Amino acid sequence: MNIPITEIALSLWVVCAVLIVFTKKMYRIIITFGVFSLIGALSYLFLGSPDVAMAEAAVSAFVTIFFIVCIERYYKFGMGLEDEQAEEKVKFSAKSVGRILAPTGFCVGLFWLAMQHLPMDDAVTVLRDQYLARFMYDVGGMNAVASIVLGYRVYDTLFEALLLVVSVVAVAHVSWYDKAEMIDRRHSEIKNSGVARFTMRVVCPIIIIFGAYIIANGHLTAGGGFQGGLAIATFFICRYLVYDINDLPIAKVMRMEKLVFVNITILPVLAVFTGVTYFATYILPLTSDVYLVAMNILIGFKVACGFFVLFYRFVAIERW
Amino acid sequence: MRLDIFTMVMFFVSFFGLITSRTIIKSIVFILIMQTSVVMFWLIVGNMHGSLPPIDVYNIDAENISDPLPQALMLSAIVIGISVITVSITMFNNLFRKYETASWDHMEKVYSNEGEGEQ
(Lines give C-alpha, C1' and ligand atoms only; values in the text may rest on other atoms or scores of the structure.)
Protein backbone atom coordinates (compact mmCIF):
# COMPACT_ATOMS: atom_id res chain seq x y z
CA MET A 1 0.00 0.00 0.00
CA ASN A 2 1.28 3.41 -0.91
CA ILE A 3 0.54 5.96 1.80
CA PRO A 4 0.00 9.47 0.31
CA ILE A 5 2.15 11.07 3.00
CA THR A 6 2.87 14.26 1.05
CA GLU A 7 -0.85 14.89 0.56
CA ILE A 8 -1.51 14.34 4.27
CA ALA A 9 1.30 16.71 5.27
CA LEU A 10 0.12 19.40 2.85
CA SER A 11 -3.48 19.10 4.11
CA LEU A 12 -2.31 19.57 7.72
CA TRP A 13 -0.26 22.53 6.49
CA VAL A 14 -3.34 24.23 5.01
CA VAL A 15 -5.32 23.46 8.19
CA CYS A 16 -2.65 25.19 10.31
CA ALA A 17 -2.82 28.33 8.16
CA VAL A 18 -6.62 28.43 8.35
CA LEU A 19 -6.34 28.09 12.15
CA ILE A 20 -3.99 31.07 12.24
CA VAL A 21 -6.51 33.14 10.26
CA PHE A 22 -9.24 32.56 12.87
CA THR A 23 -7.10 32.76 16.03
CA LYS A 24 -7.16 35.93 18.09
CA LYS A 25 -4.65 35.21 20.85
CA MET A 26 -1.08 36.13 19.94
CA TYR A 27 0.67 33.28 21.74
CA ARG A 28 -1.58 30.76 20.02
CA ILE A 29 -0.77 32.31 16.66
CA ILE A 30 2.96 31.94 17.27
CA ILE A 31 2.69 28.35 18.50
CA THR A 32 0.51 27.40 15.52
CA PHE A 33 3.01 29.10 13.29
CA GLY A 34 5.77 26.91 14.74
CA VAL A 35 3.72 23.78 13.97
CA PHE A 36 3.07 25.16 10.49
CA SER A 37 6.78 25.60 9.84
CA LEU A 38 7.56 22.10 11.11
CA ILE A 39 4.99 20.55 8.77
CA GLY A 40 6.31 22.72 5.95
CA ALA A 41 9.87 21.48 6.55
CA LEU A 42 8.63 17.86 6.58
CA SER A 43 6.82 18.44 3.28
CA TYR A 44 10.00 19.85 1.75
CA LEU A 45 11.75 16.66 2.82
CA PHE A 46 9.05 14.47 1.24
CA LEU A 47 9.34 16.51 -1.95
CA GLY A 48 13.01 15.56 -2.30
CA SER A 49 14.72 18.76 -1.16
CA PRO A 50 16.55 18.16 2.14
CA ASP A 51 18.60 21.36 1.79
CA VAL A 52 15.53 23.58 1.77
CA ALA A 53 13.99 21.54 4.59
CA MET A 54 16.99 22.11 6.85
CA ALA A 55 17.05 25.82 6.04
CA GLU A 56 13.34 26.16 6.76
CA ALA A 57 13.55 24.30 10.09
CA ALA A 58 16.48 26.38 11.33
CA VAL A 59 14.97 29.66 10.13
CA SER A 60 11.60 28.97 11.74
CA ALA A 61 13.28 28.33 15.11
CA PHE A 62 14.86 31.78 15.00
CA VAL A 63 11.73 33.51 13.72
CA THR A 64 9.66 31.96 16.52
CA ILE A 65 12.09 33.36 19.11
CA PHE A 66 11.93 36.81 17.51
CA PHE A 67 8.13 36.77 17.53
CA ILE A 68 8.00 35.64 21.16
CA VAL A 69 10.38 38.43 22.18
CA CYS A 70 8.13 40.84 20.31
CA ILE A 71 4.94 39.59 21.95
CA GLU A 72 6.28 39.37 25.48
CA ARG A 73 6.50 43.13 25.84
CA TYR A 74 3.19 43.50 24.04
CA TYR A 75 1.52 41.58 26.84
CA LYS A 76 3.56 43.26 29.56
CA PHE A 77 2.14 46.66 28.65
CA GLY A 78 -1.36 45.18 28.82
CA MET A 79 -2.16 46.41 25.32
CA GLY A 80 -2.47 42.99 23.81
CA LEU A 81 -5.48 42.01 25.86
CA GLU A 82 -7.33 45.21 24.97
CA ASP A 83 -6.70 44.72 21.28
CA GLU A 84 -7.84 41.11 21.46
CA GLN A 85 -11.05 42.05 23.23
CA ALA A 86 -11.73 44.77 20.70
CA GLU A 87 -11.24 42.24 17.95
CA GLU A 88 -13.60 39.76 19.55
CA LYS A 89 -16.36 42.31 20.10
CA VAL A 90 -16.94 43.22 16.46
CA LYS A 91 -20.57 44.28 16.03
CA PHE A 92 -22.71 42.66 13.36
CA SER A 93 -23.42 45.41 10.86
CA ALA A 94 -23.29 46.08 7.15
CA LYS A 95 -19.77 47.43 7.51
CA SER A 96 -18.45 44.35 9.34
CA VAL A 97 -20.12 41.97 6.88
CA GLY A 98 -18.63 43.91 3.98
CA ARG A 99 -15.25 43.80 5.65
CA ILE A 100 -15.36 39.99 5.54
CA LEU A 101 -17.19 39.45 2.24
CA ALA A 102 -15.19 41.80 0.04
CA PRO A 103 -11.76 40.22 0.78
CA THR A 104 -13.28 36.74 0.48
CA GLY A 105 -14.68 37.52 -2.95
CA PHE A 106 -11.44 39.14 -4.01
CA CYS A 107 -9.37 36.12 -2.93
CA VAL A 108 -11.75 33.58 -4.47
CA GLY A 109 -11.71 35.50 -7.76
CA LEU A 110 -7.93 35.65 -7.82
CA PHE A 111 -7.77 31.93 -6.95
CA TRP A 112 -10.08 31.11 -9.87
CA LEU A 113 -7.88 33.20 -12.18
CA ALA A 114 -4.72 31.51 -10.95
CA MET A 115 -6.20 28.04 -11.40
CA GLN A 116 -6.61 28.79 -15.13
CA HIS A 117 -2.85 29.18 -15.51
CA LEU A 118 -1.33 26.33 -13.52
CA PRO A 119 1.74 24.78 -15.18
CA MET A 120 1.25 21.51 -17.01
CA ASP A 121 2.61 18.20 -15.81
CA ASP A 122 5.31 18.20 -18.48
CA ALA A 123 7.03 21.37 -17.33
CA VAL A 124 10.10 22.12 -19.44
CA THR A 125 13.14 20.47 -17.90
CA VAL A 126 15.95 21.13 -20.33
CA LEU A 127 17.94 23.03 -17.72
CA ARG A 128 17.37 20.26 -15.17
CA ASP A 129 18.83 17.60 -17.46
CA GLN A 130 21.72 19.88 -18.38
CA TYR A 131 22.60 20.63 -14.77
CA LEU A 132 22.20 17.04 -13.58
CA ALA A 133 24.42 15.72 -16.37
CA ARG A 134 27.21 18.30 -16.06
CA PHE A 135 27.43 19.73 -12.54
CA MET A 136 30.05 17.23 -11.36
CA TYR A 137 32.42 18.20 -14.20
CA ASP A 138 31.67 21.92 -14.20
CA VAL A 139 31.66 22.72 -10.51
CA GLY A 140 32.36 19.52 -8.61
CA GLY A 141 30.87 18.05 -5.49
CA MET A 142 28.11 15.48 -5.16
CA ASN A 143 25.20 17.70 -4.14
CA ALA A 144 23.60 19.33 -7.17
CA VAL A 145 21.96 22.07 -5.11
CA ALA A 146 25.25 23.15 -3.50
CA SER A 147 26.93 23.11 -6.92
CA ILE A 148 24.23 25.33 -8.40
CA VAL A 149 24.25 27.72 -5.44
CA LEU A 150 28.04 28.08 -5.39
CA GLY A 151 28.84 27.49 -9.04
CA TYR A 152 26.29 28.26 -11.73
CA ARG A 153 24.26 30.75 -9.71
CA VAL A 154 26.96 32.23 -7.51
CA TYR A 155 25.87 35.81 -8.17
CA ASP A 156 22.46 35.07 -6.63
CA THR A 157 24.28 33.82 -3.55
CA LEU A 158 26.35 37.00 -3.38
CA PHE A 159 23.28 39.21 -3.39
CA GLU A 160 21.55 36.98 -0.88
CA ALA A 161 24.54 37.35 1.46
CA LEU A 162 24.50 41.10 0.85
CA LEU A 163 20.83 41.21 1.83
CA LEU A 164 21.54 39.42 5.11
CA VAL A 165 24.29 41.95 5.91
CA VAL A 166 21.91 44.80 5.08
CA SER A 167 19.24 43.32 7.33
CA VAL A 168 21.65 43.01 10.27
CA VAL A 169 22.78 46.63 9.79
CA ALA A 170 19.15 47.76 9.47
CA VAL A 171 18.13 45.98 12.67
CA ALA A 172 21.03 47.59 14.50
CA HIS A 173 20.24 51.10 13.23
CA VAL A 174 16.43 51.15 13.00
CA SER A 175 16.25 49.91 16.57
CA TRP A 176 14.87 52.22 19.24
CA TYR A 177 17.82 52.26 21.62
CA ASP A 178 20.59 52.84 19.15
CA LYS A 179 23.45 53.15 21.58
CA ALA A 180 21.89 51.32 24.51
CA GLU A 181 23.88 49.11 26.80
CA MET A 182 23.20 45.40 26.85
CA ILE A 183 20.91 44.74 29.77
CA ASP A 184 20.70 41.26 31.24
CA ARG A 185 17.37 40.97 33.04
CA ARG A 186 16.17 37.43 32.76
CA HIS A 187 12.92 36.58 34.51
CA SER A 188 13.95 33.32 36.07
CA GLU A 189 17.30 32.64 37.62
CA ILE A 190 18.04 29.87 35.15
CA LYS A 191 21.67 31.00 35.25
CA ASN A 192 22.17 29.48 38.70
CA SER A 193 20.47 26.19 37.92
CA GLY A 194 22.85 23.23 38.03
CA VAL A 195 20.68 21.18 35.70
CA ALA A 196 20.77 23.91 33.05
CA ARG A 197 24.54 24.26 33.33
CA PHE A 198 25.09 20.52 33.05
CA THR A 199 22.71 20.18 30.08
CA MET A 200 24.38 23.02 28.23
CA ARG A 201 27.79 21.53 28.90
CA VAL A 202 26.64 18.28 27.29
CA VAL A 203 24.60 19.75 24.42
CA CYS A 204 26.79 22.63 23.23
CA PRO A 205 29.71 20.55 21.84
CA ILE A 206 27.22 18.36 19.98
CA ILE A 207 25.61 21.42 18.40
CA ILE A 208 29.00 22.81 17.36
CA ILE A 209 30.10 19.48 15.89
CA PHE A 210 26.78 19.12 14.04
CA GLY A 211 27.11 22.59 12.53
CA ALA A 212 30.73 22.00 11.54
CA TYR A 213 29.79 18.68 9.96
CA ILE A 214 26.99 20.25 7.93
CA ILE A 215 29.30 23.03 6.72
CA ALA A 216 32.24 20.78 5.86
CA ASN A 217 30.11 18.20 4.04
CA GLY A 218 27.82 20.68 2.32
CA HIS A 219 29.12 19.75 -1.13
CA LEU A 220 28.70 15.98 -0.54
CA THR A 221 25.38 15.63 1.29
CA ALA A 222 22.42 17.79 2.18
CA GLY A 223 23.36 20.98 3.96
CA GLY A 224 25.74 23.82 3.30
CA GLY A 225 27.00 27.07 4.67
CA PHE A 226 23.68 28.66 5.49
CA GLN A 227 22.19 25.68 7.35
CA GLY A 228 25.39 24.95 9.25
CA GLY A 229 25.80 28.60 10.16
CA LEU A 230 22.28 28.64 11.60
CA ALA A 231 23.03 25.46 13.57
CA ILE A 232 26.13 27.09 15.05
CA ALA A 233 24.13 30.22 15.83
CA THR A 234 21.75 28.13 17.96
CA PHE A 235 24.78 27.56 20.20
CA PHE A 236 24.48 31.20 21.24
CA ILE A 237 20.89 30.64 22.38
CA CYS A 238 22.19 27.95 24.74
CA ARG A 239 24.96 30.27 25.86
CA TYR A 240 22.43 32.99 26.61
CA LEU A 241 20.61 30.70 29.04
CA VAL A 242 23.69 30.03 31.17
CA TYR A 243 26.38 32.70 30.86
CA ASP A 244 26.53 36.49 31.16
CA ILE A 245 26.01 38.59 28.08
CA ASN A 246 27.66 41.81 29.19
CA ASP A 247 31.09 40.87 27.93
CA LEU A 248 30.02 40.05 24.37
CA PRO A 249 31.84 41.88 21.56
CA ILE A 250 28.80 42.70 19.42
CA ALA A 251 30.41 45.55 17.46
CA LYS A 252 33.47 43.44 16.70
CA VAL A 253 31.28 40.60 15.46
CA MET A 254 29.38 42.97 13.16
CA ARG A 255 32.64 44.28 11.72
CA MET A 256 33.88 40.71 11.27
CA GLU A 257 30.70 39.79 9.41
CA LYS A 258 31.26 42.60 6.93
CA LEU A 259 34.89 41.58 6.41
CA VAL A 260 33.84 37.98 5.78
CA PHE A 261 31.27 39.24 3.30
CA VAL A 262 34.04 41.01 1.38
CA ASN A 263 35.92 37.71 1.28
CA ILE A 264 32.79 35.96 0.05
CA THR A 265 32.56 38.38 -2.86
CA ILE A 266 36.27 38.19 -3.69
CA LEU A 267 36.67 34.41 -3.67
CA PRO A 268 34.10 33.44 -6.36
CA VAL A 269 35.15 36.32 -8.62
CA LEU A 270 38.77 35.18 -8.43
CA ALA A 271 37.74 31.56 -8.94
CA VAL A 272 35.64 32.39 -11.98
CA PHE A 273 38.27 34.63 -13.60
CA THR A 274 41.11 32.21 -13.01
CA GLY A 275 38.97 29.26 -14.05
CA VAL A 276 39.44 27.26 -10.89
CA THR A 277 35.85 26.12 -10.86
CA TYR A 278 35.19 25.57 -14.51
CA PHE A 279 38.39 24.40 -16.17
CA ALA A 280 40.83 23.10 -13.59
CA THR A 281 38.44 20.30 -12.68
CA TYR A 282 39.79 18.24 -15.57
CA ILE A 283 43.41 18.73 -14.54
CA LEU A 284 43.20 18.77 -10.74
CA PRO A 285 39.95 17.20 -9.56
CA LEU A 286 40.42 18.34 -5.96
CA THR A 287 40.63 22.10 -6.61
CA SER A 288 36.92 22.53 -7.19
CA ASP A 289 36.13 20.75 -3.93
CA VAL A 290 38.54 23.08 -2.15
CA TYR A 291 36.65 26.02 -3.62
CA LEU A 292 33.28 24.61 -2.51
CA VAL A 293 34.46 23.85 1.03
CA ALA A 294 36.07 27.29 1.37
CA MET A 295 32.89 29.02 0.21
CA ASN A 296 30.75 26.94 2.55
CA ILE A 297 33.00 27.75 5.53
CA LEU A 298 32.98 31.48 4.73
CA ILE A 299 29.20 31.58 4.29
CA GLY A 300 28.68 29.55 7.45
CA PHE A 301 30.90 31.91 9.43
CA LYS A 302 29.08 34.94 8.07
CA VAL A 303 25.61 33.53 8.77
CA ALA A 304 26.60 32.51 12.29
CA CYS A 305 27.93 36.03 12.98
CA GLY A 306 24.81 37.63 11.51
CA PHE A 307 22.37 35.58 13.53
CA PHE A 308 24.52 36.03 16.66
CA VAL A 309 24.06 39.78 16.31
CA LEU A 310 20.34 39.50 15.48
CA PHE A 311 19.60 37.17 18.42
CA TYR A 312 21.37 39.28 21.04
CA ARG A 313 19.94 42.44 19.59
CA PHE A 314 16.43 41.06 19.93
CA VAL A 315 16.89 39.43 23.32
CA ALA A 316 18.94 42.08 25.09
CA ILE A 317 17.82 45.36 23.53
CA GLU A 318 14.56 44.95 21.63
CA ARG A 319 12.99 43.08 24.51
CA TRP A 320 13.17 45.91 27.06
CA MET B 1 -3.56 14.40 -7.39
CA ARG B 2 -2.29 17.82 -8.28
CA LEU B 3 -0.25 19.02 -5.32
CA ASP B 4 0.14 22.60 -6.49
CA ILE B 5 -3.55 23.27 -5.79
CA PHE B 6 -2.64 23.12 -2.09
CA THR B 7 -0.15 25.93 -2.51
CA MET B 8 -2.62 28.01 -4.49
CA VAL B 9 -5.21 27.61 -1.71
CA MET B 10 -2.53 28.48 0.81
CA PHE B 11 -1.42 31.61 -1.00
CA PHE B 12 -4.93 33.02 -1.08
CA VAL B 13 -5.73 31.97 2.49
CA SER B 14 -2.67 33.92 3.62
CA PHE B 15 -3.62 36.82 1.36
CA PHE B 16 -7.06 36.86 2.98
CA GLY B 17 -5.45 36.82 6.41
CA LEU B 18 -3.08 39.62 5.41
CA ILE B 19 -5.81 42.00 4.31
CA THR B 20 -8.26 41.18 7.13
CA SER B 21 -5.89 40.99 10.13
CA ARG B 22 -6.18 43.88 12.55
CA THR B 23 -2.93 43.47 14.44
CA ILE B 24 0.47 44.15 12.94
CA ILE B 25 2.16 40.99 14.25
CA LYS B 26 -0.47 38.85 12.56
CA SER B 27 0.18 40.64 9.27
CA ILE B 28 3.91 39.93 9.58
CA VAL B 29 3.15 36.24 10.24
CA PHE B 30 0.99 36.12 7.11
CA ILE B 31 3.73 37.67 4.97
CA LEU B 32 5.96 34.80 6.07
CA ILE B 33 3.25 32.20 5.36
CA MET B 34 2.71 33.65 1.88
CA GLN B 35 6.40 33.34 1.15
CA THR B 36 6.41 29.72 2.38
CA SER B 37 3.56 28.88 0.02
CA VAL B 38 5.48 30.31 -2.93
CA VAL B 39 8.54 28.24 -1.96
CA MET B 40 6.37 25.13 -1.73
CA PHE B 41 4.87 25.86 -5.16
CA TRP B 42 8.27 25.94 -6.86
CA LEU B 43 9.43 22.78 -5.11
CA ILE B 44 6.27 20.98 -6.24
CA VAL B 45 6.77 22.17 -9.83
CA GLY B 46 10.33 20.83 -9.72
CA ASN B 47 9.06 17.59 -8.25
CA MET B 48 6.78 16.49 -11.09
CA HIS B 49 9.20 13.88 -12.43
CA GLY B 50 10.32 12.26 -9.20
CA SER B 51 10.96 12.94 -5.57
CA LEU B 52 14.50 11.70 -4.96
CA PRO B 53 16.94 14.34 -3.70
CA PRO B 54 19.54 15.46 -6.30
CA ILE B 55 22.50 14.09 -4.34
CA ASP B 56 24.95 11.53 -5.78
CA VAL B 57 22.94 11.43 -9.00
CA TYR B 58 25.07 8.92 -10.90
CA ASN B 59 23.94 6.00 -8.75
CA ILE B 60 20.20 6.51 -9.26
CA ASP B 61 17.89 6.69 -12.22
CA ALA B 62 17.93 10.20 -13.64
CA GLU B 63 14.18 10.11 -14.34
CA ASN B 64 13.28 10.09 -10.63
CA ILE B 65 15.41 13.01 -9.49
CA SER B 66 13.72 16.26 -8.53
CA ASP B 67 14.78 19.49 -10.19
CA PRO B 68 17.77 21.07 -8.35
CA LEU B 69 17.43 24.56 -9.83
CA PRO B 70 14.22 25.64 -8.00
CA GLN B 71 15.67 24.26 -4.77
CA ALA B 72 18.79 26.40 -5.14
CA LEU B 73 16.72 29.48 -5.91
CA MET B 74 14.35 28.81 -3.00
CA LEU B 75 17.27 28.65 -0.57
CA SER B 76 17.99 32.27 -1.52
CA ALA B 77 14.30 33.10 -1.17
CA ILE B 78 14.19 31.75 2.39
CA VAL B 79 17.21 33.83 3.44
CA ILE B 80 15.68 36.96 1.91
CA GLY B 81 12.40 36.18 3.68
CA ILE B 82 13.96 36.01 7.13
CA SER B 83 15.85 39.26 6.46
CA VAL B 84 12.60 41.02 5.58
CA ILE B 85 10.84 39.58 8.63
CA THR B 86 13.52 40.65 11.10
CA VAL B 87 13.52 44.20 9.77
CA SER B 88 9.72 44.36 9.92
CA ILE B 89 9.66 43.08 13.51
CA THR B 90 12.17 45.79 14.46
CA MET B 91 10.04 48.45 12.77
CA PHE B 92 7.00 47.13 14.64
CA ASN B 93 8.91 47.41 17.93
CA ASN B 94 9.66 51.05 17.13
CA LEU B 95 6.02 51.78 16.32
CA PHE B 96 4.87 49.98 19.47
CA ARG B 97 7.18 52.04 21.64
CA LYS B 98 5.92 55.25 20.02
CA TYR B 99 2.15 54.64 19.86
CA GLU B 100 1.77 51.87 22.46
CA THR B 101 -0.66 49.86 20.38
CA ALA B 102 -0.43 47.00 17.92
CA SER B 103 -3.76 47.51 16.19
CA TRP B 104 -3.78 49.00 12.69
CA ASP B 105 -6.99 50.96 13.31
CA HIS B 106 -5.97 52.36 16.65
CA MET B 107 -2.53 53.33 15.39
CA GLU B 108 -4.01 55.09 12.38
CA LYS B 109 -6.38 57.02 14.66
CA VAL B 110 -3.57 58.10 16.99
CA TYR B 111 -1.42 59.08 14.01
CA SER B 112 -4.12 61.24 12.40
CA ASN B 113 -4.85 62.94 15.73
CA GLU B 114 -1.17 63.76 16.08
CA GLY B 115 -1.12 65.32 12.61
CA GLU B 116 -4.12 67.54 13.38
CA GLY B 117 -2.57 68.67 16.64
CA GLU B 118 0.56 69.81 14.89
CA GLN B 119 -1.33 71.82 12.28
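User: Two residues are in contact if their C-beta atoms, placed from the backbone, lie within 7 Å. How many residues of chain A are in contact with how many residues of chain B?

Analyst: Heads-up: this is a predicted model, where local features need pLDDT of at least 70, side-chain atom pairs count only at pLDDT 80 or more, and totals for chains, interfaces and linings use all residues. Residues are numbered from 1 along each chain as its sequence is written, while chains are lettered from A and ligands numbered from 1 in the order in which they are written. Counting both sides of the contact, it's 77 residues of chain A with 68 residues of chain B.

User: Which helix gives the largest share of the side of chain A that touches chain B?

Analyst: Helices here are DSSP runs (H or I, at least four residues), as are strands (E, at least two), numbered from the N terminus. The top contributor covers residues 50-76 of chain A and brings 13 residues, and that's helix α3.

User: And how many nonpolar residues does that side have?

Analyst: Ala, Val, Leu, Ile, Met, Phe, Trp, Tyr, Cys and Pro count as nonpolar, Asp, Glu, Lys and Arg as charged, and the others, Gly among them, as polar. The side of chain A that touches chain B has 13 polar and 11 charged residues, and its nonpolar count is 53.

User: How many helices are there in chain B?

Analyst: Chain B has zero strands. Along the sequence its pattern reads α-α-α-α. That makes the helix count four.

User: What radius of gyration does chain B have?

Analyst: The radius is taken over C-alpha atoms, and the globule rule is 2.2 Å times the number of residues to the power 0.38. A compact globule of 119 residues would come out near 14 Å. The C-alpha atoms of chain B fill a box of roughly 70 × 25 × 20 Å along the principal axes. The radius of gyration of chain B is 21 Å.

User: Where does helix α9 of chain A bend?

Analyst: This helix (residues 194-216) has 23 residues and reaches 34 Å from first C-alpha to last, close to the 33 Å expected at 1.5 Å a residue; the expected span is 1.5 Å times one less than the number of residues. A bend is the angle between axes fitted to the seven residues ending at a residue and the seven starting there. In α9(A) it's about 25°, with the proline A:Pro205 following within four residues, and the spot is A:Val203.

User: Why is B:Ile33 called buried?

Analyst: A residue is buried if 20 or more other C-beta atoms, placed from the backbone, lie within 10 Å of its own, exposed if 12 or fewer, and partly exposed in between. B:Ile33 is in helix α2 of chain B. Beyond neighbours within four places in sequence, B:Ile33 is in contact with A:Ala17, A:Phe36 and B:Ser14. B:Ile33 is buried because the number of other C-beta atoms within 10 Å is 25.

User: What is B:Val29 in contact with, leaving aside neighbours within four places in sequence?

Analyst: B:Val29 is among the residues with the most contacts inside that core. With those sequence neighbours set aside, its contacts are A:Ile20, A:Ile29 and A:Phe33.

Conventions:
Core = buried A, V, L, I, M, F, W, Y, C linked by C-beta atoms within 7 Å.
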